[in-house]
Amino acid sequence: MRGEYKVPGGKLVAVDLAVPDGRLEDVRVSGDFFLEPDDALEVIQDALTGMPVTTSTTELARAVTEALEEAESSGAVPGPVAMVGFDARAVAVAVRRALGLATTWDDHTFEVIRPGPLPPRTLAALDQVLTEELAEGRRGPTLRFWDWDERAVFIGSFQSYRNEIDDAGVARHDVTVVRRISGGGAMFMEAGNCVTFSLVVPASLVDGLSFEASYAFLDSWVLGALAELGVQARFAGMNDVASPAGKIAGSAQKRLAGGAVLHHMTMAYDIDADKMLEVLRIGREKLSDKGTKSANKRVDPLRSQTGMARDDVVDAFARYFAEHHRTVPSGLRPDELARAEELVRTKFDTPEWIHRVP
């Protein structure tokens, strides 16, 4: 059996192994990483040998770490161990993939949905519906691009309404306030001023990854797509993407007990910063990391850095994803839309949900 894991921003780790009696045997670790001293590779392999196939990623990583620490302290390997471009958890993820307990992008076919404009609260409800559908086995992994005609602000599941929202600005600009099911920060979204997608995947795709690592892993294709558009982008913090000109995008996640992960991202295309400041209670320091130094400018990293229309940017992202992953075009089923509308009525459009954190 063979498993591979490419560390986001790091190196490839591959593990070959056999499981003749339910335990790891003939373990061989390889890759384009850097490891000093050479003897440490044998320590890693010996630490994994004999482990039950049911061992969790955390336990596998702990076994490797403890074996390396013991080898250092006992003098079994000369000098301190240096793992560059990978770590013990990366090795553990590769083991789990070899065992078929963790999956890769290539193990899945992604349904791509571009349903056209929908009301903002319906968009939020569909995040819950499609994630639950995957958890119940009624739909496969899905990439859904958003479109909307209304002016809206989406706040994170745990954000305080009164700390984030200026009701006077909301009324003045006719803004729909939406609370989503994922955490993270608020985003002001007028029609055509953002590029937003939701990615729903099985938990096996991020098996063994920390929350922070899973953000970079699920957003790695975004950096590739931006590079093809001429945008130099990098990960910034746990869940942001930035360029030399400032912040471009932010991601958020929600994981369901049934084994499904919702991961979505909003990228700023051309946001009216003045209007945003009237709707959101954010200071100019926070605004400055979104690509502008003055409130009377626009937050426009995608428009200014690509010179492309928004729809062309979305087309380019969809095309890049399809070129690098197995995809099929899809659409929303009538029962999924009906379920979303029911959730809007009973949850997303109710004061109890919108103000659940006052």
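Predicted model: local features only at pLDDT ≥ 70, side-chain atom pairs only at ≥ 80, totals over all residues.
1. Which ring meets Phe321 at 4.9 Å between centres? It is the ring of Trp221, and with the planes at 75° the pair counts as edge-to-face. Trp221 sits in helix 7 (residues 211-228) and Phe321 in helix 11, so this contact ties together parts that are 100 residues apart in sequence. Trp221 is buried too, with a relative accessible area of 3%.

2. The whole structure holds 12 aromatic pairs. One of them joins Trp105 and Phe321, edge-to-face, at 6.2 Å centre to centre and 80° between the planes. Trp105 lies in the loop between helix 3 (88-98) and strand 6 (110-113), while Phe321 belongs to helix 11 (residues 310-324), so the pair ties together parts that are 216 residues apart in sequence. With a relative accessible area of 11%, Trp105 is buried.

3. Trp105, Trp221 and Phe321 belong to one aromatic cluster, together with Tyr5, Phe110, Phe145, Phe197, Phe217 and Phe317.

4. Charged side chains deserve a look next. Side chains of opposite charge can pair when their charged atoms come close. Across the whole structure there are 22 salt bridges. Among them is the bridge between Arg144 and Asp127, whose closest N and O atoms are 2.7 Å apart. Arg144 is in strand 7 (residues 142-145) and Asp127 in helix 4 (residues 120-135), so the bridge ties together parts that are 17 residues apart in sequence.

5. Arg310 forms a salt bridge with Asp147, with 2.9 Å between the closest N and O atoms. This pair links distant parts of the chain: Arg310 is in helix 11 and Asp147 in the loop between strand 7 and strand 8 (152-155), 163 residues apart. Arg310 is buried, at a relative accessible area of 8%, whereas Asp147 is partly exposed, at 24%.

6. Asp335 and Arg333 form a salt bridge with their closest N and O atoms 3.2 Å apart. Asp335 counts as partly exposed at 43% relative accessibility, and Arg333 is partly exposed with a relative accessible area of 26%. Both residues take part in a network of salt bridges that also links Glu111, Glu133, Arg138, Arg139 and Glu336.

7. Finally, have a look at the surface. Where do Glu36, Asp38, Asp39, Glu42 and Asp46 gather? They come together in a patch of negative charge on the surface. Helix 1 (residues 39-48) gives the most to this negative patch, with three residues. Asp38 is found in the loop between strand 4 (34-36) and helix 1. Asp38 has a relative accessible area of 63%, so it is exposed.

Definitions and conventions:
Residues numbered from 1 in each chain as written. Heavy atoms only, no water. Patch = residues over 30% accessible without salt bridge, like charges linked within 9 Å, V, L, I, M, F, W, Y side chains within 5 Å. Areas by Shrake-Rupley, 256 points an atom, 1.4 Å probe, with all protein chains shown as cover. Salt bridge = Lys/Arg side-chain N within 4 Å of Asp/Glu carboxyl O. Lys, Arg positive; Asp, Glu negative; His and termini not counted. Charge placed at Lys NZ, Arg CZ, Asp CG, Glu CD. Helix = DSSP H or I, 4+ residues; strand = E, 2+ residues; numbered from the N terminus. Buried < 20%, exposed > 50% of the residue type's maximum accessible area, 1.4 Å probe, protein only. Phe/Tyr/Trp six-rings, centres within 6.5 Å; stacked < 30°, edge-to-face > 60°.
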